[in-house]
Amino acid sequence: MTDTLPTTVDRAADARVRADDRGHVFHSWSAQALIDPLPVAGGDGATFWDYAGNSYLDFSSQLVNLNLGHQHPDLVEAIQRQAGRLATIQPSMANDVRGELARRISEVAPDGFSKVFFTNGGADAVENAVRMARQFTGRRKVLAMYRSYHGNTTTAISLTGDPRRWANEPGDGSVARFFGPYPYRSPFHSTSPEEETARALEHLEQTIVLEGAATIAAIIIETIVGTNGILVPPPGYLAGVRELCDRYGIVYIADEVMVGFGRIGEWFAFQAFDVVPDLITFAKGVNSGYVPLGGVVVSDRIAGHFDTVSFPGGLTYSGHPLACAAGVATFEVFERDGILARVRDLGDRVVGPRLARDRATARLGRGRARHRPVLGDRTGARQADPRAARAVQRDGGGCCAGRRGRGGLQEGRRVAVHALQPPARGPTAGDLRGRPRARPRRDRCRAARRGRVHVSP
Ligand SMILES: Cc1ncc(COP(=O)(O)O)c(C=O)c1O
């Protein structure tokens, strides 16, 4: 627990944190001299605060990992208890919380998924899922979408379609890319979601055939594309991918790092689309990121391959007990507090109707809309936003930057999309409708108050 309060002003601490950060911390995805990270003093639920007396509604759940909000007492207590009992143990030994978390994850996965390989986060989950697919199929190539993010290790960033990949090339050369469906700015000039599904699947099949079906180990897909636009697959698309994978003997990897563990009101997002992949990557929401944790849920068919063949991968901190204790506590909270039902309710009652109302007009303030053209040419060549791509090259694109100034709203900002992805615990229906929280919290969600924040579809 933090010993500062949301309204505490501590200029000395603010200056000290800024000085240490600016002097010594080398930040992700940034030109180091061009950034000014906000010193954060503490957090609680959906709110965090700085040392200057401002508090912020955390509507990006940090990096879309804080599904249970800041400082959940059950998670904090579970970590403290585990630290007092056994703070670490290497992965080749059996450990109670590691085993319990693996069992609980497999219990909420579809039938036929009994095993979990733990990693430190999402990128290495992707890395190891691809490794499993390659070992299992004896093939090397992997197909991924242009509009995608899969992490920053060599294979994961090579699979990534967005401009964060460019400066990391050449990477893993055995990657080919395809266009996923995007009904709003259809790369296939479709006029309906159904047409988009059919054309996107035809394009994917052509890609498979032209890349050489017998060379392709896996297709990796974010079940709902996250940082590249929150793109929900149109009806039938994921089932069609499953069908193509079956036809050509390709492993279907569902990247659930961002959308798993309640983000859309299901344990795994693919469960809302009536499809079953072969490998499931997860991280973030599995324990709200209180201690780094990710992993791969492995179908029995693929796990069986490694019954007598050694898996050529491993990590010192695979299944770290502190991380797993927070994961077990996450399951307890989800089940006790009905988190999945709460998320579905917020979606059905608050966010969904608002989205339906706003869909036609991306309601950003005029100034912001000029800089971040949410609308514009919706199909064809202009569907990629060159300004956003240049921004990513220059400074990482302001990925999930928070608002500056005296309090406000922390939102995800990337490539022409403002994404609101709040924690399941904490924000009130009023917050989600875009009203400021009541005092004494000094949240000033000006953009939300004006009703101009686009909850991206
Ligand atoms: C879909 C997806 N996959 C993989 C990753 C990489 O996860 P990590 O940053 O934990 O390595 C991310 C991170 O945002 C992600 O959104």
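Me: When H7 passes H8, is the crossing left-handed or right-handed?
Reply: Happy to start there, with a word on the source: this is a predicted model, where local features need pLDDT of at least 70, side-chain atom pairs count only at pLDDT 80 or more, and totals for chains, interfaces and linings use all residues. Residues are numbered from 1 along each chain as its sequence is written. A crossing is left-handed if the near helix is turned anticlockwise from the far one by less than a right angle, and right-handed if clockwise. By that rule, the way H7 passes H8 is right-handed.

Me: How is H7 oriented relative to H8?
Reply: The axes of H7 (residues 193-211) and H8 cross at roughly 25° and come within 10 Å; axes are lines fitted to C-alpha atoms, for helices over the stretch in contact, and angles run from 0 to 180 degrees between N-to-C directions. Angles under 35 degrees count as roughly parallel, over 145 as roughly antiparallel, 65 to 115 as roughly perpendicular and the rest as oblique. The crossing angle therefore makes H7, relative to H8, roughly parallel.

Me: How many nonpolar residues are in the contact of H7 with H8?
Reply: Two residues are in contact if their C-beta atoms, placed from the backbone, lie within 7 Å. On the H7 side the residues include Leu-201, Leu-204 and Ile-208, and on the H8 side they include Val-241 and Leu-244. For the classes, Ala, Val, Leu, Ile, Met, Phe, Trp, Tyr, Cys and Pro count as nonpolar, Asp, Glu, Lys and Arg as charged, and the others, Gly among them, as polar. Besides two polar residues and one charged residue, the nonpolar count is eight.

Me: What is the orientation of H4 relative to H10?
Reply: H4 (residues 96-108) packs against H10 (residues 321-337) with the axes 8 Å apart and an angle of about 40°. That angle is why the orientation of H4 to H10 is oblique.

Me: How many charged residues does the contact of H4 with H10 hold?
Reply: H4 passes H10 in a left-handed crossing. The contact involves Val-97, Arg-98, Glu-100, Leu-101 and Arg-104 of H4, with Cys-324, Val-328 and Phe-331 among the H10 residues. Alongside seven nonpolar residues and one polar residue, the charged count is three.

Me: How many nonpolar residues are in the contact of H3 with H10?
Reply: H3 (residues 73-85) and H10 have axes that come within 8 Å and cross at roughly 145°, in a right-handed crossing. H3 contributes residues including Leu-75, Ala-78 and Ile-79, while Leu-322, Ala-329 and Val-333 are among those from H10. With two polar and three charged residues set aside, the nonpolar ones number 11.

Me: Which helix supplies the largest share of the shell around the ligand?
Reply: A residue is near a molecule or strand if its C-beta atom, placed from the backbone, lies within 6 Å of it. The ligand has 16 residues around it, and Gly-121, Gly-122, Ala-123, Gly-151 and Val-257 come nearest. By class, the shell has seven nonpolar, seven polar and two charged residues. Its largest share, three residues, comes from residues 122-137, helix H5.

Me: Is Lys-284 buried or exposed?
Reply: Lys-284 has a positive phi of about 35° although it is not a glycine, and it lies in the loop between strand S9 (279-282) and strand S10 (294-298). A residue is buried if 20 or more other C-beta atoms lie within 10 Å of its own, exposed if 12 or fewer, and partly exposed in between, with C-beta atoms placed from the backbone. Because 27 other C-beta atoms lie within 10 Å, Lys-284 is buried.

Me: How far apart are the C-alpha atoms of Ser-61 and Gly-285?
Reply: Ser-61 is in helix H2 (residues 61-64), and it counts as buried because it has 29 C-beta neighbours inside 10 Å. Although Ser-61 and Gly-285 are 224 residues apart along the chain, their C-alpha atoms are separated by 9.8 Å.

How values were computed:
Helices (H or I, at least four residues) and strands (E, at least two) are DSSP runs, numbered from the N terminus.
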